[in-house]
Amino acid sequence: MVELSVSDGGTVAVETDALRRESARVVGAAHLLAGWAARVGALHERTGFDPAGPGELAPPAVRALLDSARGRLAVAAMLAEVLGDSLAASAADYERADHLAETGRRVAAFAFGLSAPPLAFAAASGIAVAAGPSMIASGVLSLTDGGAGVERRWRRLLEGVGLPLLSDPAFVAVVRAVADHADEFAGGLRADPSALIVGDALEAPENAHLMLGAAAALGTIWRMPVPHETPVRVDRVRPPGARDGQSSEAAAAPRGIGGLAERIPTGGTTAPNVRIERYGALGDARWVVYVGGTRDFGMVPADQPVDMSSNLHGVAAASSIPAPAATSGADRLVRDAMAQAGVAAGEPVVVIGHSAGGIVAANLAAEPEAGVVAAVSLGGPAQQVDTGRTPVLAVAHAEDLVPATGGSGFACAQRIDVGRRLGDVAPSAAEPIPAHALRAYRETADLIDESDDPRLAGFRDILDDVTRGEPAEVTFWRGRRTPAAETAAGAGGGVP
């Protein structure tokens, strides 16, 4: 049986301030209990036998009850004091352990960066030694077949060694650690230990800003095009497979998280990026927004706004580094589509996305004015977004390195992290990271619906409260990068 791992708020986090507050409360209660024990003891003494008096002032049974109460209160006071002291000690221990663990992660990232060049050299040398005869033969063959033999052999080597590494959970863990501590890793590459000091002041996700800065530097030095953001035009398009003139369609309410996952848009660069469902009448509506994943894996912006440049800017938007970052193309695409669809302020919205769509969903959930009451990220680096009080379901496979690119993320009480280990995966050139495929996440979403975990059940209740089992009016939206003048002149075009 396939099991899901469900946890609250991502990484294990202990609120040490809360522990100290509880310690103070418990110690205060201990003092109260001790005071009550003293009062009961005094009352017990006053009801005792007085030789100069008329005799016992209270029956023996009453005195026995008072004596028992005094003893129980005294024990309770002692236990409360011990508990309060233990809570305070636990807070201190957690802080020490967390500091040591964080220091260990930073040093490990620096050491990994320091060892990366010799490791890469050793790996390349090992491959050359192991495949030496075939490589020499390939070199000879390349003189007669135009290099096709070399390409075939290197492709086999890549598929047999390189691609399985990308889906190894241990490698995914390394990616997460490097994403958390990109500056220490870069310092290791430079053999510069000062990064261990500077990095202590930064929080995840540092990697996106650093990658954008590095790309800009390379562009300046070698005059290469770099990832950057552009204006985005959003058009309403016909539903897939619809007849001419049909601008929307009706659909039943989705059933559970699996129903949401099934409706996430897929397709090539010309397919719709966003699906929006409206429940209820305009002006008093409830909404479900579906955001597709990356459509263009090029680093330089072309036509498709959901590309690698958008991904970098989307992750950088949650960085703690005080550096300007343009809003991602995917983020602006979804916000514009929601505005054109008629989403009004204060109307509840559920948003779900896969991959790049997952980071868009998390970023929307982090803004109270967006009206998001729940968000779902399938395979997106959603853990690195502090969504505050908005419930977020962050689903990640152990073999999927894409969610790891955002690092371990932030502790967030309203986030539910769901993990699943797929086991044996079969990467190929056509599908280098099978665990990231929407198909695999749809299977996990179905498992979430089968789970009786109360946290997942409560999240499903939010979805049911938005849809209420009613039919929806569905519209589809596609974005493209355009010159600023064209965007201003043609915004809101497409199917009427």
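The chain folds into 15 helices and 10 strands, and what you're looking at is a predicted model. Of its 496 residues, 44% are buried. Take the contacts between residues at least 6 apart in sequence: 73% of them join residues at least 24 apart. Here's a tour, topic by topic.

**Two helices that cross**

- Two packed helices are described by the angle between their axes and the distance between the axes.
- For helix H11 (residues 329-341) and helix H12 (residues 356-365), the axes come within 9 Å, and the crossing angle is roughly 65°.
- The crossing of H11 past H12 is right-handed.
- Which residues of H11 and H12 meet? On the H11 side you'll find Ala330, Asp331, Val334, Arg335 and Met338, and their partners in H12 are Val360, Asn363 and Leu364.
- Sorted by class, this contact between H11 and H12 is made of five nonpolar, one polar and two charged residues.

**Backbone angles worth a look**

- Most residues other than glycine have a negative phi.
- Ser355 isn't a glycine, yet its phi is positive, at about 60°.
- Is Ser355 buried or exposed? Its relative accessible area is 9%, under the 20% cut-off, so Ser355 counts as buried.
- Arg468 is another residue other than glycine with a positive phi, this one near 55°.
- Look for Arg468 in the loop between helix H14 (454-467) and strand S10 (472-481).
- Arg468 has a relative accessibility of 53%, and because the cut-off is over 50%, Arg468 counts as exposed.

**Rings and charges**

- How many aromatic pairs does the structure hold? The count is zero.
- There is a charge over a ring, though: Arg275 lies over the face of Tyr290, 5.6 Å from the ring centre.

- Asp307 belongs to the loop between strand S5 (286-291) and helix H10 (308-316).
- With a relative accessible area of 0%, Asp307 is buried.
- Setting aside neighbours within four places in sequence, Asp307 is in contact with Thr294, Asp296, Gly298, Pro301, Ala302 and Arg481.
- From Asp307 to Arg295 is 12 residues in sequence, and their C-alpha atoms are 6.0 Å apart in space.
- Met308 is part of helix H10.
- Where Asp307 is buried, Met308 is partly exposed, at 24% relative accessibility.
- Between the C-alpha atoms of Met308 and Gly298 there are 5.9 Å, and the two residues sit 10 apart along the chain. Gly298 also turns up among the contacts of Asp307.

- Thr482 has its place in the loop between S10 and helix H15 (484-490).
- Is Thr482 buried or exposed? Thr482 has a relative accessible area of 6%, which means it is buried, since the cut-off is under 20%.
- Gly409 sits in the loop between strand S8 (392-397) and strand S9 (415-420).
- At a relative accessible area of 22%, Gly409 is partly exposed.
- How many residues lie between Gly409 and Arg176 along the chain, counted as their separation? They are 233 residues apart, with 9.3 Å between their C-alpha atoms.

Conventions. Residues are numbered from 1 along each chain as its sequence is written. This is a predicted model: local features need pLDDT of at least 70, side-chain atom pairs count only at pLDDT 80 or more; totals for chains, interfaces and linings use all residues. Side-chain values use heavy atoms; hydrogens and water are left out. Axes are lines fitted to C-alpha atoms, for helices over the stretch in contact, and angles run from 0 to 180 degrees between N-to-C directions. Helices (H or I, at least four residues) and strands (E, at least two) are DSSP runs, numbered from the N terminus. A crossing is left-handed if the near helix is turned anticlockwise from the far one by less than a right angle, and right-handed if clockwise. Contact means heavy atoms within 4.5 Å. Ala, Val, Leu, Ile, Met, Phe, Trp, Tyr, Cys and Pro count as nonpolar, Asp, Glu, Lys and Arg as charged, and the others, Gly among them, as polar. Buried means under 20% relative accessible area, exposed over 50%, partly exposed in between (1.4 Å probe, protein chains only). Rings of Phe, Tyr and Trp (its six-membered ring) pair if their centres lie within 6.5 Å; planes under 30 degrees apart count as stacked, over 60 as edge-to-face and the rest as tilted. A charge sits over a ring if NZ of Lys or CZ of Arg is within 6 Å of the ring centre and within 35 degrees of the ring normal.
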